[in-house]
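Work through the exercises below with the sequence and the 3D view at hand. Each task is followed by a solution in steps.

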Amino acid sequence: MELLAEPFVQPGLIWILTGIPGWEAQIQHLTAQGHTVVALTRRPQMDELRLALTAGARGYLEALSSHHILSQAAQTISAGGMWLPAELVTHMIGLLSPIMEKNASVNQDTTTASGVLERLTGREREVVHEVLKGSSNKRIALALNITERTVKAHLSSVFEKLGARDRMHLMLLAREQELC
């Protein structure tokens, strides 16, 4: 068994395992008291994700995630963000697509898909394409033969150029502009 050099502790976060009796009520009770709760699951599922978010959880991830992933999730959530599995986010975007298409037809935007793409470099477009496939930074780095740090730099640039707050917002913008 591998021992970690530093224990995984994130003050202010409470981690609740889904699937145990009363887990949803625990999340609701704790969030009502002002605590920030993260739901840990044995097997990510859309229905369970919906229940966790409805109960007030700010994150949802696999209980057996690596120390690195748990730490990243804790930092993101502590900074006010949310943490969701990429494959479930991609699935959610697919479910929201018909709604967004309806809204796009009502609110005709003057920005064209090609105009959005023209703001990005070739490598940034490749990174966006990988994000839209639900790839993690690590997978993007491997696919494009670049470092994870470079992936993060490209994503920061893309977020700034397109006015996206995070990956989820980027995916919504891409769907809205029919880039995927």
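**Exercise 1.** In which helix does Asn137 lie, and is Asn137 buried or exposed?

Solution. The model is a predicted one.
Step 1: Asn137 belongs to helix 7, which covers residues 137-144.
Step 2: The relative accessibility of Asn137 is 16%. The cut-off for buried is under 20%, so Asn137 counts as buried.
Step 3: Leaving aside residues up to four places away in sequence, Asn137 touches Glu148, Val151, Lys152, Leu155 and Arg167.

**Exercise 2.** Find the buried residues of helix 7 and explain why they line one face of the helix.

Solution.
Step 1: Asn137, Ile140, Ala141 and Leu144 are the buried residues of helix 7.
Step 2: Viewed down the axis of helix 7, these buried residues fall within an arc of 100 degrees, so they line one face.
Step 3: An α-helix has 3.6 residues a turn, so residues three or four places apart point the same way.
Step 4: On the face turned away from the buried side, helix 7 carries the exposed residues Lys138, Arg139 and Leu142.
Step 5: After helix 7 comes Asn145, which has a positive phi, near 60 degrees.

**Exercise 3.** Describe how helix 6 and helix 8 cross, and which residues make the contact.

Solution.
Step 1: The axes of helix 6 (residues 122-132) and helix 8 (residues 148-162) come within 10 Å and cross at roughly 95 degrees.
Step 2: Helix 6 is therefore roughly perpendicular to helix 8.
Step 3: Helix 6 contributes Arg123, Glu124, Val127, Val128 and Val131 to the contact, and helix 8 contributes His154, Leu155, Ser157, Val158 and Lys161.
Step 4: Sorted by class, this contact has 5 nonpolar, 2 polar and 3 charged residues.

Technical notes. Residues are numbered from 1 along each chain as its sequence is written. This is a predicted model: local features need pLDDT of at least 70, side-chain atom pairs count only at pLDDT 80 or more; totals for chains, interfaces and linings use all residues. Side-chain values use heavy atoms; hydrogens and water are left out. Axes are lines fitted to C-alpha atoms, for helices over the stretch in contact, and angles run from 0 to 180 degrees between N-to-C directions. Helices (H or I, at least four residues) and strands (E, at least two) are DSSP runs, numbered from the N terminus. Angles under 35 degrees count as roughly parallel, over 145 as roughly antiparallel, 65 to 115 as roughly perpendicular and the rest as oblique. Contact means heavy atoms within 4.5 Å. Ala, Val, Leu, Ile, Met, Phe, Trp, Tyr, Cys and Pro count as nonpolar, Asp, Glu, Lys and Arg as charged, and the others, Gly among them, as polar. Buried means under 20% relative accessible area, exposed over 50%, partly exposed in between (1.4 Å probe, protein chains only). The arc is that of the directions from the helix axis to the C-beta atoms.
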